[in-house]
4 protein chains.
Amino acid sequence: MPRLAYLGPEGTFTEEALRLLDPTAERLPCATVSAALNAARSGDADGAVVPLENSIEGAITTTLDEFAWGEPLLINAELLLPVQFSLLARPGTEIPHIKRVYTHPAAITQCRAYISRELPDAVVVAAPSTAAAAQEVSLPGSPYDAAIAARIAGEHYGLVELAGDIGDRSDTVTRFVKVSRPGPLPEATGSDRTTLVVFLADDHPGALLEMLTEFSVRGVNLTRIESRPTGDGIGRYFFHFDFEGHVADARVGEAIAGLHRICGEVRFLGSYPRADGVAPQIKRGTSDPEFAEAGEWLAKVRAGQV
Amino acid sequence: MPRLAYLGPEGTFTEEALRLLDPTAERLPCATVSAALNAARSGDADGAVVPLENSIEGAITTTLDEFAWGEPLLINAELLLPVQFSLLARPGTEIPHIKRVYTHPAAITQCRAYISRELPDAVVVAAPSTAAAAQEVSLPGSPYDAAIAARIAGEHYGLVELAGDIGDRSDTVTRFVKVSRPGPLPEATGSDRTTLVVFLADDHPGALLEMLTEFSVRGVNLTRIESRPTGDGIGRYFFHFDFEGHVADARVGEAIAGLHRICGEVRFLGSYPRADGVAPQIKRGTSDPEFAEAGEWLAKVRAGQV
Amino acid sequence: MPRLAYLGPEGTFTEEALRLLDPTAERLPCATVSAALNAARSGDADGAVVPLENSIEGAITTTLDEFAWGEPLLINAELLLPVQFSLLARPGTEIPHIKRVYTHPAAITQCRAYISRELPDAVVVAAPSTAAAAQEVSLPGSPYDAAIAARIAGEHYGLVELAGDIGDRSDTVTRFVKVSRPGPLPEATGSDRTTLVVFLADDHPGALLEMLTEFSVRGVNLTRIESRPTGDGIGRYFFHFDFEGHVADARVGEAIAGLHRICGEVRFLGSYPRADGVAPQIKRGTSDPEFAEAGEWLAKVRAGQV
Amino acid sequence: MPRLAYLGPEGTFTEEALRLLDPTAERLPCATVSAALNAARSGDADGAVVPLENSIEGAITTTLDEFAWGEPLLINAELLLPVQFSLLARPGTEIPHIKRVYTHPAAITQCRAYISRELPDAVVVAAPSTAAAAQEVSLPGSPYDAAIAARIAGEHYGLVELAGDIGDRSDTVTRFVKVSRPGPLPEATGSDRTTLVVFLADDHPGALLEMLTEFSVRGVNLTRIESRPTGDGIGRYFFHFDFEGHVADARVGEAIAGLHRICGEVRFLGSYPRADGVAPQIKRGTSDPEFAEAGEWLAKVRAGQV
């Protein structure tokens, strides 16, 4: 039974994601994304589950930066989790009594309409996570009257759900990934995704276009690009790329070897099955058999057998 | 004397930026980036100053999303402000007494080494902003012993600086922009930057490459690209672009008209002098006189005068 | 009634093309392509009809070089003429008697199978043109027994057709163009072609890719590219381009103005209706209304009206 | 001692090229380029020397088409030969007596200024080759008074040189290649050229751009591109490419394997030392060691060793 660290405390959306990714795993809640990943790195856990991006809030930059700068870890699974917010309070609290609400800034953003309409006079205070907000609200002397968090957090901390699904949009999704220390990759399934971090060798005009061309010329479709600062001043960035396919695919291998040749550093973050099961359209001339046949043709040409 | 809204309270780095951008302006502190921008939109202020990105933390996503989705505003100036953090406390406090520190998460990240070394046992709690942390610490009954914030915040709130420049890096910089309601643009200076938001018409493979080609074919160099979720599910993004040049430049005008033609929506966010004063290298054939001469040539060709 | 020069003598395929392009024109046969074009340049004729390329033989390089280096002329029409070769001889000659055949080298190539099969022992001699061969064979003391030429040439010179359609392929086509001195262009029809000559400014790696990108980024499809030596040594070339659309089309105008800016010299050779009547697929964002709308949008943006 | 076929008769520029490429070879003159190449194919000769392009006239299309359509041969050497034309006549002839000149059309073009100036009244007749013209003129009853050909042709056929170096340009060069039946390739020298023929799979807009991108993305510089008709009608072309580097180079191998994957057919025509000894500039990330290192990196990544 594997032991998986996650962004806790108990009751976070991340815990929910972990339960779906590996229902039988032992769960190790950690205070921060960094702590969860470090537990996986140190061997305290066999892996970790952390959020990577949200369909409203965007990238979880702590996760991106940990993947780019910390000790290497490999993503081996992803999950898309619909995110539904609940208004949670200590038993006995009623909505008109709520003067102070505690929750994560992302939840403030995503529940803006509900808050304006139903809690127009409440002060809303930023918490480090939605589950931490629920935990704080559960304390008897808490200065907060309610938390906005996942329903699961209410169950954990003995809170009552005063309202459910209070987000402005009902289709908000968070993408979580499961990582572990480097080791054998998941098999290619035909519906895979690969994630990379790329640092430029020298930041010349056209460098990004060159990187994208390494993908496009081999028919590899990007699904996400994020720029992040290198820390060396405004205007210096590195890039996270998600793209279709598995590094075992010939077209993907050649594309990332190309990036490795022209860029300063390429850090491979894993190839893993897509959560949405979508299979890529393979552009003419870029399938594995076509690469293999071209390799045989080239070997003959080099031997002068034409 | 213009009245400029900014991300307050008094004592924030943003206030410092505003004072440098317009020393004589009347200053209107606002609780959030959104509130500051709304003050500019509504006419409560003549403009606003907000942070756009930080060389360690990356983009200020609230600002990006406000610019993309809110009522239009135009950037008319930018400023690069070195960010130095101070450890601030109520008079009489000494470092060994500090058990609870309050500051913004970005400051936690950027002062990690100092905190580990000098305050190894302190609990560090996330605040909505560094100035809010200073304000909170200044209250007599505050549960926090110290704040990490800009020195200016200490002066505002009557705190003592126990340690200065405690960031892990001494070269951290935040980029601020000054915006106002749409109106005449700043004149081109020869060292300008332009900022755009681009929404895709349909998210096909290669769409990003096509957008970058609209720039590169006219010799326009990108200086920043940020992807942000459209809100329509994981995998759907729009883009912020910064690039060299002024929209009055022929090459820039043709490039963004090209984007406008092929993309779903292009929102212009302003052309303004670069804070670093760097002039772009003009690629052969892309200067204004060369565009003008080509236009005259084309007119003759169309008239059959060859 | 216009007077049109053409590559003669009477009986050439070019004469046939001229008759189809302008049945009522007065015809002025000339000894060479250059002479026909010079007649148009000098005013001896109102225009000229010359071959540009053949579906087997390829480009007529004399025509290409005349268009590139000679006094400017503009193409105003094109014609695709199926080319059928006949074996022609003086009355009384029978195939078994034929020992010496006279014809243009292109006809030798295109009738190779017939010659091998039916005239295996004949000596085949290269003539300057197929019509010249017919003319020569028509002379009483000619050393040649037969010519391979257009049937029309036989009629002109009193020869008998011993065999018709003797080409290896029955679908051979020659493309002819009608040119005149510079003046108003033919109207755009929606199915047009434009022809250009482009000289590089400096022959750097990637120069050709850059030129093609000027077309592709505006959705302009090339239909022909020919490289020709500049005369300045092996490895130095200039280019002929044919592409879809009329120079009055916004996308075509912007593309060729772009070429004009980045290249050494662009010589416009005309926009004219396509002989095949094929209308181009207009790529999203590249139609005239889309260009016009983008221009209006840009004007507003530049005025700060966003 | 190898036996090499060449475009004869004796006295052609091709013979001169053959002597320079292989001074000790036995020489087999052939009537046409095709005949010379067929001698090499059939084993009648060990190889052949033929012209490929001229710095004034452009490509020798017969050679291009033979290489594309005939039984495969491989280029193993190239030579750049300055072409100097002489006016040759039978002993006793003087320039004022010359009424009829016989020579190849290319020579007519290249000696136009001399002919206009010195032989304004002479009739100039097209011959199949310059050497054939010299041979014809050497016959006692020839209707021609002089030939324009290589000096060597005069020596062969007993003609007197009345004027030397009469070309309009003194820097005209013809490029010759030596071919043989497929077999081991010449070793890479660091200054090599590779020649290919490429047929499109389907002639879609952008196909040429895609082909060029396969080269550019691997840093392979084109030195020549020629389009030739496929024979399937106007508007259908295939391409000859010359580019820097040897097929044994990793970047070249990957580029042509890429072409092989996306195109209908790629025919390799050889890798051989450049006549001009120019070494290519190797773009960052495209040297053999960089390819090898990237391959090792990829193998580790695929094994999960990051």
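**Exercise 1. Find how far apart the nearest C-alpha atoms of chain B and chain D are.**

Step 1. Chain B and chain D do not touch; their nearest C-alpha atoms are 13 Å apart. Contact here requires two C-beta atoms, placed from the backbone, within 7 Å.

Step 2. Turn to chain A and chain C. No contact joins them, and their closest C-alpha atoms lie 13 Å apart.

A note on the model: it is predicted, so local features need pLDDT of at least 70 and side-chain atom pairs count only at pLDDT 80 or more, while totals for chains, interfaces and linings use all residues. Residues are numbered from 1 along each chain as its sequence is written, and chains are lettered from A and ligands numbered from 1 in the order in which they are written.

**Exercise 2. Describe the side of chain D that touches chain C.**

Step 1. Count the residues. Chain D gives 31 residues to the contact and chain C gives 31 residues.

Step 2. Locate them. Strand E11 (173-180), helix H8 (207-216) and strand E13 (222-229) of chain D each supply at least two residues. Helices (H or I, at least four residues) and strands (E, at least two) are DSSP runs, numbered from the N terminus. E13(D) brings the largest share, eight residues.

Step 3. Sort by class. This side of chain D has 13 nonpolar, 11 polar and seven charged residues. Ala, Val, Leu, Ile, Met, Phe, Trp, Tyr, Cys and Pro count as nonpolar, Asp, Glu, Lys and Arg as charged, and the others, Gly among them, as polar.

**Exercise 3. Work out which rotation superposes chain D on chain C.**

Step 1. The rotation is 180°, with 0.0 Å of shift along its axis and an RMSD of 0.1 Å.

Step 2. Name the relation. It is that of a two-fold axis.

Step 3. Compare the surfaces. The same surface serves both copies, as 100% of the contact residues of chain D recur in chain C.

Step 4. Now take chain A and chain D.

**Exercise 4. Decide whether helix H1 of chain D is mostly covered or uncovered.**

Step 1. H1 (residues 13-21) of chain D is mostly covered: seven of its nine residues are buried. Buried means that 20 or more other C-beta atoms lie within 10 Å of the residue's own; 12 or fewer is exposed, and in between is partly exposed, with C-beta atoms placed from the backbone.

Step 2. Among the buried residues of H1(D) are D:Phe13, D:Ala17 and D:Leu21.

Step 3. Find their partners. The buried residues of H1(D) pack against elements of chain D including strand E1 (3-7), strand E2 (26-30) and helix H7 (151-157).

Note on methods: Copies are superposed by least squares on the C-alpha atoms of residues with pLDDT of at least 70 in both.
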